[in-house]
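Please read them alongside the sequence and the coordinates.

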Amino acid sequence: MIEFESVAKVYDGQREALSDVNFRLAPGEMAFLTGHSGAGKSTLLRLILGLETASSGAVRVAGTDLSTLSGEKLARYRRRVGVVFQDPNLEEDLSVYDNVALPLRISGFSESEIPKRVKAALSRVDLSDQANASPRVLSGGQQQRVGIARAIVHRPALLVADEPTGNLDPELSARVMRMFTQFQQLGVTILVATHERAVVESLPFRRLVIEQGRLVSDGMGANR
Amino acid sequence: MNRWILDHTQAIHDAWKRTSDRLTQFIVLVCLLGILLAIPGWLAQIWIGMASLVPEDAVQSEAIVFLKQDLEVEARIDLERTLSEMPDTDQIIFVPRSAALEQLSKQDGLEPIADLKANNPLPDALRVKFSVQGVEARENQIIETLVADRRVLSLRYYPSTRIQYASLVEMLGFLGIGLSVLTVIGVLMAVFLVAAADVVDDRRRIELYTLLGASRRFIRRPYLYRATLLGVLAGLSACLVITFLNEVLSSVLASNLKALDTRLENIPMDGRILIGVASIAVLASWVGAERAVNRRLRALH
């Protein structure tokens, strides 16, 4: 599903954020991307999301070289990817329902299809009763679950999460991870960037460790 | 419902929401642009008024055509006939050199030249009076033809007050066009800066929409609708200001200058100006916002 082939990313011609990164993530696979702050995790995710282009090498998702996409094609590609942020980044002027419906409206889903999909997504994150609420009245954990519902509502084949548990307590973090595990079991490819060792080591998934822009380790979690 | 309609309805809703969120800023901008756009509109109204009030009963244009000394009578008569057949000439008067000397000697301080009678240095001349309705371009054409004519020594041209006034109006028209272009550029810049600031303010939201797969067209649509609304309201404000100023000007002219020309009693508002100002307002707002949003989005991406 995701393929990095000798990928390097250099900013301003001198600052090397990624260097010779090689890995493959199979469809339906879940992996953690770990490393210290500034190690290059966010750059790697930005490459996958098409927000940056590699300085050299190739980033392929579902067989498509992302460097060949631009404009409308890139926008269409992003509609097939789900994104979860550390800060859920919700639109406070919109209700929970409308926040979750946002990717569907952007993707051009019919108005008859949108309610079904939003209800299903909210049900997956146990927030069916908060559909009409404003994000302002939700707790941090609930807001993060709305963000997850928004990321999965259009049933993406790939889910990318950047520090999704960074602002949550351990109990909520475990709950979010359980949700990701469920999505993975449904066939979604998931890449989670995190620097929380406890989260990574508690789950039996592949772990990509990145340090100073280089992939230094690629193996299974400790408990597997 | 059709997806296209839904998308645009949503964009209009977003545009309206942005407008109501920053209502004071929006109203100030509408007023500012309205006043700015009223300047060229009002200038145009004054200009059209001036152009239509060109005096028609003013003194005719005239040219004194000095003929060559040794010109034969037949050649002079032929020239007189050619000139009199032209549609823009009204009267051709032959002034013999003796008569010219006599007339000159009657002028204050020129009596001594009467002594030159035996050795008169003046040539024969023709006084060409142009028709009252003469057009400057055609009169100039006749003058050029005469200057190039072998029979003519030199000439002096005295354009009518009507043509001088028309030239003045034309020059003022060019000045007005220059000022109007500057004003429209000012409007474009104002809209550009406001739209660019809006995009910067919405940076977080735009990044989110981009990540969710929104196309640039989808993202910029609400800004363009907002700019269109701004243009429509600014255009209407400009039309109101122009109409008001025209009413004020008309009443001042009517009360003070109607004795000069009865047409000054009522200068009607020209509908083309209002339509033009409203169209320029919408177009300038749209173009300004489109350029700003595209440039900012490129920078963000």
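1. E62(B) stands opposite Y158(B), a residue in strand 4 of chain B. Strand 1 (residues 62–67) and strand 4 of chain B pair in the antiparallel sense over six bridges, where strands count as paired if DSSP finds at least two bridges between them, and where helices (H or I, at least four residues) and strands (E, at least two) are DSSP runs numbered from the N terminus. This is a predicted model, in which local features need pLDDT of at least 70 and side-chain atom pairs count only at pLDDT 80 or more, while totals for chains, interfaces and linings use all residues. Residues are numbered from 1 along each chain as its sequence is written, and chains are lettered from A and ligands numbered from 1 in the order in which they are written.

2. How does strand 8 of chain A sit in the structure, and which strands pair with strand 8 of chain A? Six of the six residues of strand 8 (residues 189–194) of chain A are buried, so this strand is largely enclosed by the rest of the structure; a residue is buried if 20 or more other C-beta atoms lie within 10 Å of its own, exposed if 12 or fewer, and partly exposed in between, with C-beta atoms placed from the backbone. Strand 3 (residues 30–34) of chain A pairs with strand 8 of chain A in the parallel sense over five bridges, and T34(A) stands opposite T194(A). Strand 7 (residues 158–162) of chain A also runs parallel to strand 8 of chain A, joined by five bridges, with L158(A) the bridge partner of T189(A).

3. Helix 5 (residues 140–152) and helix 6 (residues 170–185) of chain A pack at an angle of about 15 degrees, with their axes 11 Å apart. The two helices of chain A, helix 5 and helix 6, are therefore roughly parallel to each other, a term for angles under 35 degrees. In their contact, G141(A), Q144(A), I148(A) and I152(A) of helix 5 meet L172(A), V176(A), M179(A) and F183(A) of helix 6, two residues being in contact if their C-beta atoms, placed from the backbone, lie within 7 Å.

4. Between the chains, 13 residues of chain B are in contact with 16 residues of chain A. Helix 1 (3–21) and helix 7 (203–211) of chain B are the elements that give two or more residues to the side of chain B that touches chain A, and helix 7 of chain B gives the most, with four residues.

Technical notes:
Axes are lines fitted to C-alpha atoms, for helices over the stretch in contact, and angles run from 0 to 180 degrees between N-to-C directions. Angles under 35 degrees count as roughly parallel, over 145 as roughly antiparallel, 65 to 115 as roughly perpendicular and the rest as oblique.
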